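Please read the numbered points with the sequence and the model in view.

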Amino acid sequence: MKEEENVLRILKEAKKAINENNPSEIKKLSDQTIHTATISQDSDNIIVAVLVYSLAKIVEREHYREMPGWNKFYSEFLKNWDLAISHLEKKELEEYRDDVGKIRNAMNKISSNLGEYISDVFRKAKINKAFKIYEHGLSEEKTAHLLGISLWDLAGYIGQSTISEAKVNESLPVKKRIKIAEEIFG
Amino acid sequence: MKSLIFDSGPLISLTMNGMLPILEKLKKEFPGDFIITPQVRKEVVNKPMSISKYKFEAIRVQDLIDKGILELSSKCIKDTLLEKETNALMKIINSVFSTRYEKINLVHEGEVSCLAFSKLCRNENAIVIDERTIRMLIESPKNLKDLMERKLHTEIKIDNKKLFNLFGFKFIRSSELIYIAYKKSLIELKKNKENLEAMLYALKFTGTAISSKEIKEIKALA
């Protein structure tokens, strides 16, 4: 795992923000593994980015707490979060990854509508983090592959952003590109 | 005989905007083949076939393949040869940029397979690609370096020797295809610049890396 200390810090600070019911702080934390995720493409860093962002969204939606299945889901989520911190502190990486897997699987155990909502939160979190990595310069396909999402989902998300407005993206003047198109069709 | 080689992005944005019939008309005007590689086919047909949300779109792209509008690259280049060249190019591209400590893997096999086909087919060709990274890397590597340095807050080094292997590719986007279709009056809508602009924005909102300024410029040129 790359930047283990950073991952540990993020997990701990996220836990603190959960206790303070501060979803915006959790969201900020979720972006703090993006640099490492972009450069080293380390799956541990990518998973943490997705989990932390999902957590922020889940905490933000207070009405989830009233839904059947919430208490079981949330207590298991938090229990495994604490275990993940504890195992990472002891540098027990296999156990840590097992805890992270359990956090992700906690949602599969919910049979009510809440399960579907939370699955959707995780799916969208993956797309959001893919977009963040794409913003840092990796190709669309590379990013989709890293996050295990569909290019179709990512393309729509990128399209809704302002990313293509940046002047730096214009790698060839419009006239020259039109000329290429005209010549190939000529 | 010419080739227009399609990456996944343009097929996705044209499909999502119901513009595939324009592609069929463009094919009739084109003195050559519209090519897709097996790697691109996997992204635009095989994978979405198993996702209910995109299955219909995948069927529509497959329909273009069945009709012969899009032709598989194996028509000209054996899949094994294409795969070999794709891997060789991936190795080069994914080591052009590096930080002080490690190389940055920028790209994946789909987009690189388009470059590989372009290199191997030896006829006049262009690659239709909507996403920015490959285009920036080859047409304006310094822009990509600046962007990444700014985003990652770290110095990025470019291996110019490796970059030298990547000259000679030509790129257009789905927006230029629509421009050509407009000029050739292949669009069913009334031929006016407002309609062209609307179509270009539709492509932009489904992932084509084009700025509002570029759309304005294309509109002015039309």
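**Notes on the two chains**

1. An open sheet of five strands, paired in parallel, has the order 3-2-1-5-7 in chain B. Its edges are formed by strand 3 (70-72) and strand 7 (171-172) of chain B; each has a single partner strand, so one side of each lacks a neighbour in the sheet. The model is a predicted one, and the points below should be read accordingly.

2. Strand 5 (residues 125-128) of chain B runs parallel to strand 7 of chain B and is joined to it by two bridges. Within this pairing, I172(B) in strand 7 of chain B is the bridge partner of V128(B).

3. Helix 6 (residues 109-121) of chain B lies across strand 1 (2-6), strand 2 (32-36) and strand 5 of chain B.

4. Helix 1 (residues 8-16) and helix 3 (residues 38-46) of chain B pack with their axes 9 Å apart, at an angle of about 30°. Because angles under 35 degrees count as roughly parallel, helix 1 of chain B is described as roughly parallel to helix 3 of chain B. The contact is made by S8(B), L11(B) and I12(B) from helix 1 of chain B, and by V40(B), E43(B) and V44(B) from helix 3 of chain B. The crossing of these two helices is right-handed.

5. The largest nonpolar core has 120 residues, and those touching the most other members are A14(A), I26(A), V52(A), L55(A), F6(B), V128(B) and I178(B). Helix 4 (residues 43-60) of chain A gives the most to this core, with 12 residues. Apart from neighbours within four places in sequence, A14(A) is in contact with I26(A), L29(A), V52(A) and L55(A).

6. How many residues of chain B are in contact with chain A? There are 57, and they meet 37 residues of chain A. Several elements of chain B each supply at least two residues of this side, among them strand 1, helix 4 (52-66), helix 10 (174-183) and helix 12 (212-221). The largest share, seven residues, comes from helix 8 of chain B.

7. Helix 9 (residues 151-159) of chain A is largely enclosed by the rest of the structure, because seven of its nine residues are buried. The buried residues include L151(A), W152(A), L154(A) and I158(A). In chain A, the buried residues of helix 9 pack against helix 7 (113-135) and helix 8 (140-147). In chain B, they pack against helix 1, helix 3, helix 4 and helix 11 (193-204).

Definitions and conventions
Residues are numbered from 1 along each chain as its sequence is written. Chains are lettered from A and ligands numbered from 1 in the order in which they are written. This is a predicted model: local features need pLDDT of at least 70, side-chain atom pairs count only at pLDDT 80 or more; totals for chains, interfaces and linings use all residues. A nonpolar core is a set of buried Ala, Val, Leu, Ile, Met, Phe, Trp, Tyr and Cys residues joined through C-beta atoms within 7 Å. A residue is buried if 20 or more other C-beta atoms lie within 10 Å of its own, exposed if 12 or fewer, and partly exposed in between; C-beta atoms are placed from the backbone. Helices (H or I, at least four residues) and strands (E, at least two) are DSSP runs, numbered from the N terminus. Two residues are in contact if their C-beta atoms, placed from the backbone, lie within 7 Å. Two strands pair if DSSP finds at least two bridges between them. Axes are lines fitted to C-alpha atoms, for helices over the stretch in contact, and angles run from 0 to 180 degrees between N-to-C directions. Angles under 35 degrees count as roughly parallel, over 145 as roughly antiparallel, 65 to 115 as roughly perpendicular and the rest as oblique. A crossing is left-handed if the near helix is turned anticlockwise from the far one by less than a right angle, and right-handed if clockwise.
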